[in-house]
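Good morning, colleagues. I would like to take a few minutes to present one model to the group.

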Amino acid sequence: METECLKIKSHKKGIDSRKFLIFWLRFVQYGSKTTWHYMEKNDFDDKSIEKFKQLEQSLAAFRKVLRFGRFIDSLHTALRTVNHSDKTIRFCVTFSKIAHSLYLFCDHFLWLSRNNLIQINASSWGQVSNKYWLLSIVLNLVRDAIELNNLFKAILKKKILNTLNRKVAPKDVFTGEAVQFVRSHKDLLIDTVKNSCDLMLPLTNLGFIRLSPGTIGVVGMISSVLSLYTLLDQKAKLPYT
């Protein structure tokens, strides 16, 4: 009965309960990674450290189960933007969704392999999976960068004209505008920060950069919190993400 009520409430608020659960588990998973790394650095007992490592692995495996089959949803989402009038959305978002779908597809096979249901070269599939994940995030960041650039250009042009017409000091104009910009475009700013955090994960997995498990845990937690926030506040979610 309680579960049914929860579903009804989530539906009324427009919250995808499965996505909410996945991001919540993701937050706890990366929190566990941060915790065991901190404990290792501070010489906690091995038994406690192992418990947090097992918790991290269990949550990661459970998230894979919840995401199983989602590559189809991601591929279907790409169809919504394939003919979009905005070139940035048509190219970046569509190909990002396709890349994300392929990442999930590879991830499904890795999960099946880890559970001894099929036999594949897990190392090779893992590399391919991370490359698709990286491509998806990079395309999202390209979209964020283009939209930020367009907004800054429009704001700069507008404020230069206002400064010339009203003879207002430039610093006074831009101080007020900065606050207004954050309020009006929080969806774009949140998406940029989230994607920047997510970028660190496949880059580390592929060996392009070296980050400690603790740092990975922190950026994963930040990304998860922002994802949860966009589910709770639809105004904070960028369209077509």
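I shall begin with the overall architecture, turn to one helix, and close with the cysteines.

Please keep in mind that this is a predicted model. The protein contains nine helices and zero strands. Read from the N terminus, the order of elements is therefore α-α-α-α-α-α-α-α-α. Of the 241 residues in the protein, 39% are buried. As for contacts between residues at least 6 apart in sequence, 72% join residues at least 24 apart.

Let me now turn to helix α4, which spans residues 70-78. Which residues of α4 are buried? They are Arg70, Ser74, Thr77 and Ala78. Viewed down the axis of α4, these buried residues fall within an arc of 105°, so they line one face of the helix. The spacing follows a general rule: an α-helix has 3.6 residues a turn, so residues three or four places apart point the same way. On the other side of α4, Ile72 and His76 are exposed. What covers the buried residues of α4? The cover includes α2 (17-41), α3 (46-67) and α5 (87-114).

Finally, the cysteines. Cys106 is buried, with a relative accessible area of 6%. Cys197 is also buried, at a relative accessible area of 11%. How many disulfides are there, if a pair of cysteine sulfur atoms must lie within 2.5 Å? By that rule, the count is zero.

Note on methods: Residues numbered from 1 in each chain as written. Predicted model: local features only at pLDDT ≥ 70, side-chain atom pairs only at ≥ 80, totals over all residues. Heavy atoms only, no water. Disulfide = S-S within 2.5 Å. Buried < 20%, exposed > 50% of the residue type's maximum accessible area, 1.4 Å probe, protein only. Helix = DSSP H or I, 4+ residues; strand = E, 2+ residues; numbered from the N terminus. Contact = heavy atoms within 4.5 Å. Arc of directions from axis to C-beta.
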